[in-house]
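Subject: Structure handover

Hello,

Here is the structure you asked to look at. My notes follow below it.

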2 protein chains.
Amino acid sequence: MKMHGWRASAGRILKLSSRPGRGNPARHGSLHRSGGSCRGTQFYFGHKQPLSVHLQGKECALGVSFIQSQCFGSIATKIQRNPEFATINSDDIRYFRDLLGEKNVIQDEDALLAANMDWMRKYQGSSKLLLLPRSTEEVSQVLKYCNSRCLAVVPQGGNTGLVGGSVPVFDEVIVNLGSMNKVISFDEVSGILVSEAGCILESLVNFLDNNGFIMPLDLGSKGSCQIGGNVSTNAGGLRLIRYGSLHANVLGLEAVLANGDVLNMLGTLRKDNTGYDLKHLFIGSEGSLGIVTKVSILTPPKLSSVNVAFLACTDYLSCQKLLLEVRRKLGEVLSAFEFLDEQAMDLALNHLEGVRNPLPPALHKFYVLIETTGSDERSDREKLEAFLAHSMEEGLISDGVVAQDIQQASSVWNIREGIAEALMKAGAVYKYDLSIPVEKIYDIVEELRNKLGHLTRVVGFGHLGDGNLHLNISCPQYDDAVLAQIEPFVYEWTSKHGGSISAEHGLGLMKADKIFYSKSPAAVQLMASVKNLLDPNHILNPYKVLPHSLSSP
Amino acid sequence: MKMHGWRASAGRILKLSSRPGRGNPARHGSLHRSGGSCRGTQFYFGHKQPLSVHLQGKECALGVSFIQSQCFGSIATKIQRNPEFATINSDDIRYFRDLLGEKNVIQDEDALLAANMDWMRKYQGSSKLLLLPRSTEEVSQVLKYCNSRCLAVVPQGGNTGLVGGSVPVFDEVIVNLGSMNKVISFDEVSGILVSEAGCILESLVNFLDNNGFIMPLDLGSKGSCQIGGNVSTNAGGLRLIRYGSLHANVLGLEAVLANGDVLNMLGTLRKDNTGYDLKHLFIGSEGSLGIVTKVSILTPPKLSSVNVAFLACTDYLSCQKLLLEVRRKLGEVLSAFEFLDEQAMDLALNHLEGVRNPLPPALHKFYVLIETTGSDERSDREKLEAFLAHSMEEGLISDGVVAQDIQQASSVWNIREGIAEALMKAGAVYKYDLSIPVEKIYDIVEELRNKLGHLTRVVGFGHLGDGNLHLNISCPQYDDAVLAQIEPFVYEWTSKHGGSISAEHGLGLMKADKIFYSKSPAAVQLMASVKNLLDPNHILNPYKVLPHSLSSP
């Protein structure tokens, strides 16, 4: 019996003991990892760390200056600063100091450098002013003033975005929500959490953990990203397959409009059909329609049993069939279905410290990470093991392990969550975040690999259970000739196959002009009308989300 | 051991055998029931049944004419027909006949009577024209023409709404989508279904059942209601606790705007962050922003094991504690958590044929229906039984049964789903659909009972798992003095306790002017601006959703 052989050969049918008092134990190892190294240095606003902590630019071998000039430079040539926007003067500074207090009006160059640059160091603005409001009323006064002066504004959370949405393009005023980081209420009966927008995702995870609940979203950047930014970008992440998107889980919002009006949509009810559900406009609009200041979210109870399996498949079709089977056989406990190809595994093994392949050294073509979360340890494990045995017999899995404890689960998660970091360390990288019908997801990886030849490494991984491919092209250095082979090919291919050119990262600055690959002209025109309605002076996050031709007043 | 005693005394620990090849077997009995009697007579458009089938007005003892004049009359006194709307003339008829063909332009009085009146026979318009477009292009041409002529339009699906949203108030043109009832595509890998808006929910349930999937929503009116209407009203129903609202499950829409523009938002992807997610504007806006013509929806795989338990509790606090426990202990398999009070049970037993209480004749104060749906029959049943034994020991449950087969499950569901019908048969009824924080849900029932005294019967039941109370006041006949005691008390109480005056029924005509009990003036003003943007002549479903003061052009 194959399953027996599998068990015997590797001795790897292991169980993850769940640890009471922690959120999702499987994720904690990676959490600490991602909180360290490069990313930890620049996102301190939310924690009220000193603002003097800023980019050193030397800690990570990311080829920073090259990326920056490469990517930002080529976009900047296409965009002109909107001449209708005013520039900051001493009266403005005086107004903001009176309003917010001196220490919340930042003009220090080092602090501004960190706030002007995204975490990939790919996009850099030249803002001269960072504001740290402490209340909705202060955000309201800031926007009212900026709108009256026609000062452009970039709303900023943890600044962990990947498309240049959270940093200025030119000299926009940065409004960082990190000082608004209080939990407002939590209802243990319904699991409904209300918090300010600047709460770090991880701090909410920890708060809920103490109350026996979990956040319905989990991201690699949880140590830095803020819930307001998560909502504004409709962040996806690792639990979407189980709990759905933020459109499913956010019950209410408070947002400040461009003119300073406070829009109270902060419902705490699971069902409310009274008029148009306006909050959805602010979920995923990347701060361009208003600044989210409070969030009400439905959180699921923490279930006691978590199991993580790491499996090898010989071909992509097996991964796909495995997904179909797991939905049907483990549907009610499935909490993650992630995949990576052998190129991704190779990168992780070569560029991340302490990462090892839990399967025998022979590289497999594909790896799948399955996580289940349920209430009954014994029956969950039995179901998972029965499923794995059956999948082995069917030939869908060629090898695999089940994590035995938190450390093993974490180390498996570290492989998957570490790929982005490994890619950054490996050299130059072109990153795409695509939704594609599951049957076709790996076709684009192979087509691109054939097209680009052996000078680049085309890497595919992502949230297979949600049809979300992270397509990355790794090469020794940035090269316009390579880029010309990738774009617009990737966008055209995705559009032709009914996909989305941004599954979860948003459009930001990077893809504002690419929206037509995924949305109809009529839909984009209506988006522009909605933008005009809510922000007639277009002061909020200018040059982002919508095509530049439509986003000028 | 109490659990043993419970088992032994009633011999009622029974198992529901799941039957392959059916959707949710537990619901089929009630489905046939609700498809029969009164409601079956008037919603045939979607099935392309002869339009000569219409209201007889004698088949049901609902006190029709009284309800009608009572409720509609009092609202009509407050609303004037918008004089800017044109009236139908012979040129219009000629245009529509050329466009749609003679048989799809209905002027027959009997057919119009059915389309003018809601299923409760509470609201009645006086439209002279019913149109049955067969394609998006026809809907587009109809709206373009109506907009140019300033002819008001009521979009209509299965006409099963409860707030007067789906029938004309005056002489609006009725556009019924029932002829657009084709399934367009179904992807068995992802479970994504795309269909025309006029598909009857039950026909989609059956279609999916043959493919091993289920709809993420289930409603008592599934035999009549259409998916386009479900989406336009953000219908809730019985599976929301498991799968979330339609904002969570609808992946894409096609909608026709008031000016005839077709808005293609018909994505079939689980994740798509490219610009503002406009489809959410059309979910729950009750046809007042556009007519939904196609729907793309994520459907979950059908799981093989369904269990239904019917339990008695001595007080409301026990129901609430049971909900907390069930979320934690059976969270991953829970698919329904419904409750009814003894007054609701009493009504069902006295007014519905073939309904019996599966528990001993002594009336309990509260009843809870729990349904679980999972992939593993044995472990699901064991988990449920262990949970019930524990809940008995804890004193949360005083008695209970677990259905042994489909018939038993159906007969239990029939009690819960039959309450609305029982109320209609019992005499006059004032119906409220409230979201209230779970801790306080039953407070309003008791307060109202004390306030109204013994001349009325105050009945509480609903989707407790979602915080949704259906509050009904049953009395021998309609009485303005009784109504004056109920309203605005119910709305004020709900508002004061952070609730919603419409959890799932929408606002329609009934509650358009009550919106401020649940939404802030700024939010309502923004809704009105969105309405102006999308439908500047306000031809779509006039007098509904928004306050009359704001909904005139």
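Two strands are said to pair if DSSP finds at least two bridges between them. Helices (H or I, at least four residues) and strands (E, at least two) are DSSP runs, numbered from the N terminus. This is a predicted model, in which local features need pLDDT of at least 70, side-chain atom pairs count only at pLDDT 80 or more, and totals for chains, interfaces and linings use all residues. Residues are numbered from 1 along each chain as its sequence is written, chains are lettered from A and ligands numbered from 1 in the order in which they are written, and side-chain values use heavy atoms, with hydrogens and water left out.

The sheet in chain A

Start with strands β10(A), residues 305–313, and β12(A), residues 366–374, which pair in the antiparallel sense over nine bridges. One of the bridges joins A:Ser305 to A:Gly374 in β12(A). Both strands belong to an open sheet of seven strands with antiparallel pairing, in the order β13-β10-β12-β11-β15-β16-β14. At the edges stand β13(A) (399–402) and β14(A) (428–435); each has a single partner strand, so one side of each is left without a neighbour in the sheet. On average, neighbouring strands are turned by 15 degrees against each other, direction ignored.

Two helices pack on this sheet. Helix α13(A), residues 342–351, touches β10, β11 (334–341), β12 and β15 (457–463) of chain A, and its direction makes about 95 degrees with that of β15(A). Helix α16(A), residues 441–452, touches β11, β12, β14, β15 and β16 (468–475) of chain A, and makes about 15 degrees with β16(A). Axes here are lines fitted to C-alpha atoms, for helices over the stretch in contact, and angles run from 0 to 180 degrees between N-to-C directions.

β14(B) pairs with β16(B) in the antiparallel sense over eight bridges, and B:Asp433 has B:His470 as its bridge partner.

β14(B) (428–435) is also among the elements that cover the buried residues of α18(B), together with α16 (441–452), β16 (468–475) and α17 (480–486) of chain B. Those buried residues of α18(B), a helix spanning 489–496, are B:Phe489, B:Val490, B:Tyr491, B:Trp493 and B:Thr494. Just after the helix, B:Gly498 takes a positive phi of about 70 degrees.

B:Leu471 is one of the residues with the most contacts inside the largest nonpolar core, which has 321 residues. Such a core is a set of buried Ala, Val, Leu, Ile, Met, Phe, Trp, Tyr and Cys residues joined through side-chain atoms within 4.5 Å. Leaving aside neighbours within four places in sequence, the residues in contact (heavy atoms within 4.5 Å) with B:Leu471 include B:Tyr430, B:Ile444 and B:Val490.

Cysteines

How many disulfides are there over all chains? The search finds zero, a disulfide being a pair of cysteine sulfur atoms within 2.5 Å. For A:Cys319, the nearest cysteine sulfur, that of A:Cys313, is 4.0 Å away. A:Cys319 counts as buried, at 0% relative accessibility.

Regards

Key. Buried means under 20% relative accessible area, exposed over 50%, partly exposed in between (1.4 Å probe, protein chains only).
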